[in-house]
Amino acid sequence: MFVPVLYFMQAMPNIMVTETFGTAFKNLGVANMQIALWTGLAALPWSFKMFWGPLVDLNSTKRRWTVAMQVLLTGMIAVSAAVMLTPAYFAVAVAAMFFIALFSATHDIACDGLYLMSLDKKRQAAFSGVMATFSRLGRLFVASILVYFAGSLTNWGLGKQTAWAVALGTGAVVYGVGMLWNTLALPRPAVDVPAAAVDPGERRRNVVRTLTVVAMGVMLYFFVDAALQLIGYAIFRSVEPGSVPMSWDLAINEHTNELNQQLTKLATGAVLLPIFWVLTRTQLRGTPMGEAFVSYVRQQGFAAILAFIIFYRFGEAMVFAMAKLFILDDRANGGMGATLQQFGAIQGVGQVLGLILGGLMGGWFISRVGLRRAFWPLVVCMHTPNLLYVWAAYAQPEIAWLYPVVFAEAFGYGFGFAGYFVYLMHVAQRGKFVTSHYAIGTGLGALFISFASITAGIVQSVFGYTGVFIAACLATIPGTLVLLFIPLDNEQTKKEAGNAPAGGH
């Protein structure tokens with residue numbers, strides 16, 4: 001009863017920040033650079049949530065965190081709707097976006113922990129498809145239905161700002177109804193109890209420790225991002241002397257200003273990262289928060305687990321990053337030249353239907369045969385359809401062929417992605433910091449997905465769409481081979497899983 005509504009709501013604020021606000025700003029005439037900058041920065045809390053997972057794990061209960069964040073999100077989404085009616089809507093809406101992202105990332109930590117505590121491992125696997133399906137329906141509601149509603153209101157004579165205020169207000173109402181439902185329907189697992197009592201001073205120190213860890217994570221992210229951009233720039237210049245990819249951020253004032261900014265970020269990170277590393281180790285040593293981080297890294301088979309997180313979805317993420325651009329780009333540039341209407345139909349029929357069916361079947365398949373036996377069919381089904389994009393980029397067939405291509409890729413992704421989530425759940429339950437470890441795993445996954453997107457942009461700029469899709473297929477090989485090495489020691493048999501209690505702390 002609680003999984004569908006909870007995960008429908010989990011998706012709503014994420015998609016509002018990463019997609020819907022950008023659509024609204026574009027419709028209201030905000031410059032592309034401003035939109036890309038602020039929506040990109042506002043999305044970072046979902047990548048960095050792993051750094052404050054222990055703070056959630058060590059204070060209060062997961063149910064209280066979940067409900068509290070839903071209350072705050074309801075209010076903040078309502079605020080973002082109201083400010084659309086003001087002259088200074090952009091600045092205030094951007095501020096609201098950051099609060100929505102922060103509250104939503106914290107909500108993700110808590111609700112995922114609650115999910116793990118409320119269901120035994122067999123049900124975790126079975127409902128992973130339901131979880132993914134309703135998450136995608138939440139995305140469809142926010143990114144499509146609310147946007148369509150805003151457009152319809154404009155066509156009916158309302159001003160654009162008023163139309164977006166009403167659409168976002170509708171989103172706040174829907175989210176608020178879900179919040180009220182969850183106050184009644186969310187389970188109260190016996191293991192969802194506060195951590196051992198600590199003095200208030202320790203709680204304040206945990207907040208300071210969390211801020212230090214987040215600061216180090218932010219610097220590390222921008223350091224790696226700058227390094228990838230500069231490597232890609234060097235590769236492109238070596239292949240195409242005298243040219244640069246105009247789609248990159250480096251294409252500003254003959255690239256000099258942006259190039260200097262990337263070099264500055266790289267140098268700043270190189271200087272500050274060692275300092276913050278020492279500071280973080282000093283603050284966390286001998287504390288429960290430190291134990292939450294260290295126990296994840298020191299678990300048996302961590303190298304293989306990290307390789308799984310990095311590579312299992314890397315190739316698929318490259319395809320996902322380029323698919324939209326490939327479908328919309330002109331045929332002269334190697335794309336398919338689809339119109340917006342054609343693209344919307346392809347996405348609506350092919351991707352949404354494929355993701356939903358694939359997610360449901362993936363979760364059901366794992367629950368029936370167990371993760372160990374399911375993993376190889378899952379990974380093969382996930383990666384094989386990427387070859388269809390290689391064919392489409394090479395042959396450039398009629399637009400109608402994109403329906404089965406997009407459906408097959410989306411179905412394979414949904415089917416294989418169930419294995420990714422279920423395995424991270426198994427890894428999180430190897431120790432006592434279940435919520436922290438799941439947040440760390442999913443947070444690391446989000447970070448490496450962003451790096452996969454950057455890599456895809458670099459490869460496409462040099463080798464075109466056919467080249468990037470071939471590279472994506474090659475990138476699936478490490479993610480497949482890593483299945484030979486990952487530990488599956490905690491997997492239960494079907495009989496044991498059906499009788500097992502939920503996870504611990």
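**Entry 1**

I began with Trp376, which is partly exposed because its relative accessible area is 35%; buried means under 20% relative accessible area, exposed over 50%, and partly exposed in between, with a 1.4 Å probe and protein chains only. The model is predicted, so I took local features only at pLDDT of at least 70 and side-chain atom pairs only at pLDDT 80 or more, while totals for chains, interfaces and linings use all residues. Residues are numbered from 1 along each chain as its sequence is written, and side-chain values use heavy atoms, with hydrogens and water left out.

I placed Trp376 in helix α15, residues 371–383. Helices (H or I, at least four residues) and strands (E, at least two) are DSSP runs, numbered from the N terminus. Leaving aside neighbours within four places in sequence, I found Trp376 in contact with Thr480, Leu483 and Leu484, where contact means heavy atoms within 4.5 Å. For Trp376 and Leu484, I noted a C-alpha to C-alpha distance of 9.8 Å at a sequence separation of 108 residues.

I then checked the length of α15. The expected span of a helix is 1.5 Å times one less than its number of residues. For the 13 residues of α15 this gives 18 Å, and the end C-alpha atoms are 18 Å apart, which agrees. I listed the buried residues of α15 as Leu371, Ala374, Phe375, Leu378, Val379, Met382 and His383.

Which residues does Phe375 contact, leaving aside its neighbours within four places in sequence? I found Phe308, Tyr312, Gly419, Tyr423, Leu483, Ile486 and Leu488.

A nonpolar core is a set of buried Ala, Val, Leu, Ile, Met, Phe, Trp, Tyr and Cys residues joined through side-chain atoms within 4.5 Å. The largest such core has 117 residues, and those with the most contacts inside it are Phe25, Met84, Phe308, Tyr312, Phe375 and Tyr423. Helix α6, residues 89–118, gives the most to this core, with 16 residues. I also recorded a second, separate core of 29 residues, which includes Val319, Ile346, Phe469 and Cys473.

**Entry 1. Thr106 in α6**

I located Thr106 in helix α6. Thr106 counts as buried because its relative accessibility is 8%. Not counting residues up to four places away in sequence, Thr106 touches Trp52, Val56, Trp65 and Met69.

I looked up Gly479, which is found in helix α18, residues 434–481. Is Gly479 buried or exposed? At 0% relative accessibility, Gly479 counts as buried. Neighbours within four places in sequence aside, Gly479 is in contact with Phe311, Tyr312 and Val379. Gly479 and Ala307 are 172 residues apart in sequence, with a C-alpha to C-alpha distance of 7.7 Å.

Ser461 also has its place in helix α18. Ser461 is buried, since its relative accessible area is 17%. Between Ser461 and Tyr233 I noted 228 residues in sequence and 9.7 Å in space, C-alpha to C-alpha.

**Entry 2. Helix α13**

The 15 residues of α13 (residues 314–328) should span 21 Å at 1.5 Å a residue; the end C-alpha atoms are 23 Å apart, which agrees.

**Entry 3. A positive phi at Gln396**

Most residues other than glycine have a negative phi. I found phi of Gln396 near 45°, a positive value. Gln396 is found in the loop between α16 (386–395) and α17 (402–428). Gln396 counts as partly exposed because its relative accessibility is 25%.

**Entry 4. Cysteines**

How many disulfides are there? Taking a disulfide as a pair of cysteine sulfur atoms within 2.5 Å, I counted zero. Cys111 counts as buried, at 0% relative accessibility, whereas Cys381 is partly exposed, with a relative accessible area of 23%.

**Entry 5. The whole chain**

Of the 505 residues, 53% count as buried. Among contacts with a separation of 6 or more, residues 24 or more positions apart account for 84%. The chain exposes about 21,700 Å², of which carbon and sulfur atoms supply 68%; accessible areas come from the Shrake-Rupley method with a 1.4 Å probe, and for residues only the protein chains shown count as cover.
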